[in-house]
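Here is a short report on charged pairs and a surface patch. Look over the sequence and the model first.

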Amino acid sequence: MKLSNIKNEKKKKNQPVDVDIDASNTIGIMKVLEDAGLSENVLVNAAMELYVPHPGVETREIAEKVFKRELKHALSDPNLCILIYSGMLLEKAGEKGELPGMSKEIFNKDLTFLIVDEVIGMSIAKYISGDKGIFEYVRFDKLKPGILSTLGPFMDDVVAGLIGGASANMYSRGKGDGTKHEKKKVKKTKARKSTTDIKAGGFAG
């Protein structure tokens, strides 16, 4: 990555010219989520519980494929990964009674005056897909499909934000996927018909 490609006026002071990013030395957020019982399949299943057919994602099969792509794309951003991780750390601190100004008992009751968890959830959703992500976050936060119904005060909002953001992009950016899928089906059908015709009629001559 060349920081020298960034215009000087947009750089922070004392920035290095080159940054060598070695992915093997970083902790993958998906591994962190998996260790917490939040595998890709778990996230996809929760998202698909509220799936609604939409242009480009007309079937659940297409929707799952597009959702996985959007989830992977979102989680490739280190800023989002750290935001998600911060929510996970807050959950752990709350379980131990280590949050400032909040006892373990109050945390476990998830009282209505605790809104910082929702602020984090909305921030995650908005970071991924803008204002439309917030609407999806609210939908998942209220209905709590799949794993969401079993998570703690912070984690249900963190995951609702992640799923909501990726889901919003699935609907808005998946418009071309349905068309591609249908074209592939037509090509496969034509190829099968062509093979069948050859077998049935034989070669001319």
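Predicted model: local features only at pLDDT ≥ 70, side-chain atom pairs only at ≥ 80, totals over all residues.

| Pair | N to O distance |
|---|---|
| R173 and E70 | 2.6 Å |
| E136 and R139 | 2.8 Å |
| K144 and D156 | 3.0 Å |

Start with R173 and E70, whose side chains meet in a salt bridge. This pair links distant parts of the chain, 103 residues apart. R173 lies in helix 8 (residues 155-173), and E70 lies in helix 3 (residues 60-74). R173 counts as partly exposed because its relative accessibility is 42%. E70 is buried, with a relative accessible area of 4%. R69 joins E70 and R173 in a network of salt bridges.

E136 and R139 both sit in helix 7 (residues 131-143). They are three residues apart, so about one helical turn separates them. E136 is buried at 11% relative accessible area. R139 is partly exposed at 25% relative accessibility.

The side chains of K144 and D156 also meet in a salt bridge. This pair, too, links distant parts of the chain, twelve residues apart. K144 is in the loop between helix 7 and helix 8, while D156 is in helix 8. K144 is partly exposed at 28% relative accessibility. D156 is buried at 6%.

Now the patch. I115, V116, V119 and M122 form a nonpolar patch on the surface. Together they have about 300 Å² of accessible area. M122 lies in helix 6 (residues 116-129). At 30% relative accessibility, M122 is partly exposed.

Methods: Residues numbered from 1 in each chain as written. Heavy atoms only, no water. Patch = residues over 30% accessible without salt bridge, like charges linked within 9 Å, V, L, I, M, F, W, Y side chains within 5 Å. Areas by Shrake-Rupley, 256 points an atom, 1.4 Å probe, with all protein chains shown as cover. Salt bridge = Lys/Arg side-chain N within 4 Å of Asp/Glu carboxyl O. Helix = DSSP H or I, 4+ residues; strand = E, 2+ residues; numbered from the N terminus. Buried < 20%, exposed > 50% of the residue type's maximum accessible area, 1.4 Å probe, protein only.
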